[in-house]
Every structure is written in C-alpha cells, then in structure tokens.
Amino acid sequence: MYPIDPIYTANMNDHQRAWFYAEYERARKDEVIGVLLAIFLGGLGIHHFYLRRDSLGILYLVFSWTGIPMVIAWIEAFFMPARVRQYNAAQAFYISSHILGAAPGSTASRCNACGSPVDPTAVFCNHCGAAITRSALNTHPAL
C-alpha cells in the first residue's frame, strides 16, 4: 500500500482508519499502469477511461482513425503520474468525508447554534456563521 497524506485519517479511530484504507485500496489507481496505457493504448483513449474521464475517452475513440490522439497521448504520458496522484487524492478525500460524516446535503449533521443542516467538511455554518464543533458522535460509524 502506498502512503497517503495522514490528513485524511487524522480524526479517525482505528476501525474507521482500517475501513478507509480498505476502501482506498479498492479505489486508487496505479501511476505505472496509467503511463503504460497512455503510451500503448492512448490513441483509443484508454488512459482517460482508466481515470474515469469518459468524455475525453470517447472523444479520443471517435478521432482515433486520424492518429492525432496517439500523438497527444504520447505527450500526455508525461503528465499521467500527476493526474493519477490527483485522482487518488480526490478519492481519498471523498472516502474520508463519507466515513467521518454524512454525505453533503443530508440532515445527519446540524449546526449547534441554529439547527440548520451543515456540510460535514464545513468549519462555519452557512446559515448563521457559527463555528462548527465536531462531537465524538459525528466521528464514529453507526453499528
């Protein structure tokens, strides 16, 4: 397992951290595979499908008969490690935000001052501006 930024697991207990690492290991992508896909199958847009960028993958697939996507894919092979790291960071943030709190828009997390629903990643309430304090109940998964 590759090390990830500990900021994603800073407020987690051991059970939540194990859950995070299991989900992250399923969701993460490998940089070497991304580069190899860009070099060998980049003309078909496979490297974009690998990172779930389906619209670009379809665009490459439609224009694959011209050979232009293959040239662009060879250039993109140099940028693939950074794109894969960015994808993995986005996945880690998504997984940790769902483990630590409810999904955005749900009513599970409420402001202590006014009672309005708040985003679990918010620091201040959008309705009243009060600082959001996280209780121990918000950081433990429901059993």
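## How α2 and α6 cross

The crossing of helices α2 and α6 is right-handed, and this description, like everything that follows, refers to a predicted model. Helix α2 spans residues 31–41 and helix α6 spans residues 80–100, and their axes come within 9 Å of each other while crossing at roughly 135 degrees. Angles over 145 degrees count as roughly antiparallel and those from 65 to 115 as roughly perpendicular, with the rest between these ranges taken as oblique, and α2 and α6 are therefore oblique to each other.

## Residues where the two helices meet

On the α2 side, the contact is formed by Glu31, Gly34, Val35 and Ala38, which meet Met80, Pro81, Val84 and Arg85 on the α6 side. Sorted by class, the residues of this contact comprise five that are nonpolar, one that is polar and two that are charged.

Asp30 is found in the loop that links α1, residues 14–27, with α2. Its relative accessibility is 24%, so Asp30 counts as partly exposed. Although Asp30 and Pro81 are 51 residues apart in sequence, their C-alpha atoms are 8.5 Å apart in space, and Pro81 is also one of the α6 residues that take part in the contact with α2.

Because buried means under 20% relative accessible area, Ser97 counts as buried with its value of 13%. The side chain of Ser97 reaches the backbone oxygen of Tyr94, at a distance of 2.9 Å.

Note on methods. Residues numbered from 1 in each chain as written. Predicted model: local features only at pLDDT ≥ 70, side-chain atom pairs only at ≥ 80, totals over all residues. Heavy atoms only, no water. Axes fitted to C-alpha atoms, helices over the stretch in contact; angles between N-to-C directions. Helix = DSSP H or I, 4+ residues; strand = E, 2+ residues; numbered from the N terminus. Parallel < 35°, antiparallel > 145°, perpendicular 65-115°, else oblique. Left-handed = near helix turned anticlockwise from the far one by under 90°. Contact = heavy atoms within 4.5 Å. Nonpolar A, V, L, I, M, F, W, Y, C, P; charged D, E, K, R; others polar. Buried < 20%, exposed > 50% of the residue type's maximum accessible area, 1.4 Å probe, protein only. Polar contact = N/O pair within 3.5 Å; in protein donor to acceptor, adjacent residues only side chain to side chain.
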